[in-house]
Amino acid sequence: MAAPMGDNAAIFVREFELKNSAVLRINQYEIGDVGCVVWDAALVFSSYIQTEDFTKSYGDLNTKRVVELGAGTGIVGLTSAVLGAHVSLTDLEDFVPLMDSNIKTNEHHIKGSAGAKALKWGDSIDDTTLQGPDFIFISDCIYYGESLVPLVDTITLLSDKHTHVIMSYEKRTSGNKPELERKFFQLIEKKFTVHPIGLERQDEVYRSEDIHLIHFMKR
């Protein structure tokens, strides 16, 4: 199901307080696809990029270029923009109004910049502003089998040797989810080195044994 469109879309708000005391107000749709709401994996990710471990391991986000894939509500990218990054929030065309809404709602907190763009995984990418960023962020996108190859292709296309690709995902054991996870890592390991970010390195509050953070670098 696509994201609801228009003024009749029922919206509810999730508040998320950052370590600098800024409170993000994230609009979510009551009805729609999985990208319409804030998931726990995105909160774990958004919290981790504020930690000393992130800064020591991968550098300060201030002035860095960030592309978020499958952004949905855009909470990870918006947190990055508050920290000074120049962020492109990307998702399917249907999600652009939701991402735009959240950028506008939180623009008074943004130290860097944020913009919403439509991007379908697997398509050719002519937008040079998306290519070779300092970071690619992905949260909870191992969900549909048909999207795995296009997702890996897009990560590969956008990244270069210096790009830090970081992904969060919730480990799910129902249905075909374990097989999807196995297939994703089988694909990504052909082109990237894979380094788990251990629980002990993550935020002391927003972390869970069921939610994993992984760092990739192009081979």
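Which residues form one aromatic cluster? Phe45, Tyr48, Phe54, Tyr58, Phe135 and Phe137 do. Before the close-ups, some ground rules: this is a predicted model, where local features need pLDDT of at least 70 and side-chain atom pairs count only at pLDDT 80 or more, while totals for chains, interfaces and linings use all residues. Residues are numbered from 1 along each chain as its sequence is written, and side-chain values use heavy atoms, with hydrogens and water left out.

**View 1. Phe184 and its ring partners.** The structure holds 13 aromatic pairs; rings of Phe, Tyr and Trp (its six-membered ring) pair if their centres lie within 6.5 Å, and planes under 30 degrees apart count as stacked, over 60 as edge-to-face and the rest as tilted. Take Phe184 and Phe185: the ring centres are 5.3 Å apart and the planes sit at 85 degrees, so this pair is edge-to-face. Both Phe184 and Phe185 are buried (under 20% relative accessible area; exposed is over 50%, partly exposed in between, with a 1.4 Å probe and protein chains only). Phe184 also pairs with Phe216, with centres 6.2 Å apart and planes at 50 degrees, so that pair is tilted. Phe184 belongs to helix H6 (residues 177–188) and Phe216 to strand E9 (residues 211–218), so the pair ties together parts that are 32 residues apart in sequence. Helices (H or I, at least four residues) and strands (E, at least two) are DSSP runs, numbered from the N terminus. Phe216 is buried, as is Phe184.

**View 2. Charges over rings.** Here the charged end of Arg172 sits over the ring of Trp39, 5.9 Å from its centre. Lys177 does likewise with Tyr143, lying over its face at 4.8 Å from the ring centre. To count, NZ of Lys or CZ of Arg has to be within 6 Å of the ring centre and within 35 degrees of the ring normal.

**View 3. The largest nonpolar core.** This core has 36 residues, and those with the most contacts inside it are Phe54, Leu61, Ile75, Phe137 and Ile166. A nonpolar core is a set of buried Ala, Val, Leu, Ile, Met, Phe, Trp, Tyr and Cys residues joined through side-chain atoms within 4.5 Å. Elements that each supply at least two residues of this core include helix H2 (52–58), helix H3 (75–82), strand E4 (86–91) and strand E6 (135–139). Helix H1 gives the most, with 6 residues. Phe54 touches Tyr48, Ile49, Gly59, Leu61, Phe135, Phe137 and Ile166, not counting residues up to four places away in sequence; contact means heavy atoms within 4.5 Å. A second, separate core of 25 residues includes Trp121, Leu130, Ile155 and Phe184.

**View 4. Helix H1, mostly covered.** In H1, 8 of its 9 residues are buried. They are Ala41, Ala42, Leu43, Val44, Phe45, Ser46, Ser47 and Tyr48.

View 5. How many disulfides does the structure hold? The count is 0, where a disulfide is a pair of cysteine sulfur atoms within 2.5 Å. The sulfur of Cys36 has its closest cysteine sulfur in Cys141, 13 Å away, which is too far for a bond. Cys36 counts as buried, at 1% relative accessibility, and Cys141 counts as buried too, at 8%.

View 6. Strand E1 (residues 11–17) and strand E2 (residues 23–29) run antiparallel and are joined by 7 bridges; strands pair if DSSP finds at least two bridges between them. Glu17 stands opposite Val23 in E2. There are 5 residues between the strands, and Ser21 takes a positive phi near 80 degrees.

View 7. Thr156 lies in helix H5 (residues 148–158). Thr156 counts as buried at 17% relative accessibility. Setting aside neighbours within four places in sequence, Thr156 is in contact with Lys191, Phe192 and Lys218.

**View 8. Two loop residues.** Ser208 lies in the loop between strand E8 (192–197) and E9, and at 25% relative accessibility Ser208 counts as partly exposed. Glu107 sits in the loop between H4 and strand E5 (113–118). At 52% relative accessibility, Glu107 counts as exposed. The C-alpha atoms of Glu107 and Glu93 are separated by 21 Å, with the two residues 14 apart along the chain.
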